[in-house]
Amino acid sequence: MTNAPETSAEDSLIARYFKPLATDPGAFALVDDAAILSSSGEDIVVTTDAVVEGVHYLATDPPDTIARKALRVNLSDLAAKGAAPAGFVLTLALRAKEDAWLRPFADALGEDANSFGCPLLGGDTVSTPGPQMISITMFGRVPKGRMVGRTGARPGDRILVTGTIGDAALGLDVLTGGAAATVLASDPAAREALVSRYRIPQPRNVLAQAVREHATAAMDVSDGLAGDLTKLCAASGVSATVDVASVPRSAAAAGLIARSAICIETLLAGGDDYEVLCTAPPAQSDALIAAGRAAGVAVTAIGTIVPGLERPRFLDGQGQELTLKRLSYSHF
């Protein structure tokens, strides 16, 4: 008589929650410790981001929204590179193995992986006495030599951004009882809209091809528009002027500005937007805006790339430069 091999708690966890997500043949149903990602003459784009409890999400956030955020912040990187999702690997650090948390987390992760065409290929699960952490490394495909980097912006290019800016920072402010929570106390719809932008980013992968075809440089807005534009300009060896009045904002954000509940710096330097920031010559920027319109995603011109190496200038409605005390969120 032969004894059946023992199954570890980690193996059981993987088999129960994550094996059903590993539908790509290259994942080997998660029974191997490596995967195969096939490529047919394309470049493979690799990106990785971690979300940590207490830093990128709150301990009270629902597990399904945590899963979606962990995946979507990486999808946002691919969108800005002009790449199509190909698959991802997951590292999950947990304090405890609890079905009440893992089941909705895994279900939401599977739903997003399916809808964005980005299958689970493998990963690792570990226990931790500290904050929970979800780290995803994502792979994308792009035609040979066509990935859009940060180094191609040129003087005369327009600066474009998708969606609206600052809502996620305001959503966190609502959740932590800040000024936005107080002012919007009687407007639950606005509160929920902002909270949703914080918890569940909307990566602009539908525009990846348009970014690839028209943008000279691009990145996603993760740490704050002002700081991320500064990074892009530094990489390209240029500067920029931004018309702050043109920076797109939601009705809730505009209302908070109008009531002096927040300052414009909150929107410009707030993190977690996960919109695409890119540059393009005027004719190409018009094409990008049109592509966004066709896809149902607003694309807005907010400024111009100019020669120089100084920090980008942010101008108010009267053309006066704003002094920003901070440009972005910083981990350190």
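How do the axes of helix H2 and helix H3 cross, and within what distance do they come? The axes of H2 (residues 63–81) and H3 (residues 99–115) come within 7 Å and cross at roughly 40°.

## About the model

This is a predicted model, in which local features need pLDDT of at least 70 and side-chain atom pairs count only at pLDDT 80 or more, while totals for chains, interfaces and linings use all residues. Residues are numbered from 1 along each chain as its sequence is written, and side-chain values use heavy atoms, with hydrogens and water left out.

Helices are DSSP runs (H or I, at least four residues), numbered from the N terminus. Axes are lines fitted to C-alpha atoms, for helices over the stretch in contact, and angles run from 0 to 180 degrees between N-to-C directions.

## H2 and H3

H2 and H3 are oblique to each other; angles under 35 degrees count as roughly parallel, over 145 as roughly antiparallel, 65 to 115 as roughly perpendicular and the rest as oblique.

Asp112 is buried, with a relative accessible area of 2%; buried means under 20%, exposed over 50% and partly exposed in between, with a 1.4 Å probe and protein chains only. Leaving aside neighbours within four places in sequence, Asp112 touches Arg68, Leu71 and Arg72.

## H4 and H6

Next, look at H4 and H6, whose axes come within 7 Å and cross at roughly 110°. These two helices are therefore roughly perpendicular to each other. Their crossing is left-handed, and by class their contact has eight nonpolar, one polar and four charged residues.

## The two sides of H9

In helix H9 (residues 251–258), the buried residues are Ala252, Ala253 and Leu256. They lie on the same side of H9 because they cover an arc of only 100° around the axis, taken from the directions from the helix axis to the C-beta atoms. On the other side, Ala251 and Ala258 are exposed.

The buried residues of H9 pack against H4 (167–175), H5 (179–183), H6 (188–199) and H10 (264–269). Just after H9, you can find Ser260 with a positive phi of about 60°.

Conventions: Contact = heavy atoms within 4.5 Å. Left-handed = near helix turned anticlockwise from the far one by under 90°. Nonpolar A, V, L, I, M, F, W, Y, C, P; charged D, E, K, R; others polar.
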